[in-house]
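Hi,

Here is the structure I promised to pass on. Have a look first, and my notes follow below.

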Amino acid sequence: MSRRRFVARGVPGGYRIWDNHGRRFWGDLYDLCPDDLLTELNGRKDPARISVLLRRYRALKR
């Protein structure tokens, strides 16, 4: 099994998505662990589905 590119890391205040390939954080700070977003980023990488998930997690922050 290959190493996953995107993983969630706990940071003060919530979770951030770490990009192992780019060696930097990707996206916003999330209160809840974005499991389905990580699954999509590491799997099919469908841009439409990723956009929907990003909007959903941003709405949860409000």
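How are H1 and H2 oriented to each other, roughly parallel or roughly antiparallel? They are roughly antiparallel (angles over 145 degrees count as that), because their axes cross at roughly 160 degrees and come within 10 Å.

Before the rest, some housekeeping. This is a predicted model, where local features need pLDDT of at least 70, side-chain atom pairs count only at pLDDT 80 or more, and totals for chains, interfaces and linings use all residues. Residues are numbered from 1 along each chain as its sequence is written, and side-chain values use heavy atoms, with hydrogens and water left out.

Back to the helices: H1 covers residues 35-42 and H2 residues 47-61 (DSSP runs of H or I, at least four residues; strands are E, at least two; both numbered from the N terminus). Axes are lines fitted to C-alpha atoms, for helices over the stretch in contact, with angles from 0 to 180 degrees between N-to-C directions. On the H1 side, Asp35, Asp36, Leu37, Glu40 and Leu41 meet Arg49, Ile50, Leu53, Leu54, Arg56 and Tyr57 of H2 (contact is heavy atoms within 4.5 Å).

Then there's the sheet. It is open, with three strands in the order S1-S2-S3 and antiparallel pairing (a pair needs at least two DSSP bridges). S1 (6-11) and S3 (24-30) are the edges with a single partner strand each, so one side of each has no neighbour in the sheet. S1 is joined to S2 (residues 14-19) by six bridges, and Val7 sits opposite Trp18 in S2.

Finally, H1 lies across S1, S2 and S3, at about 150 degrees to S1.

Cheers

Methods:
Parallel < 35°, antiparallel > 145°, perpendicular 65-115°, else oblique.
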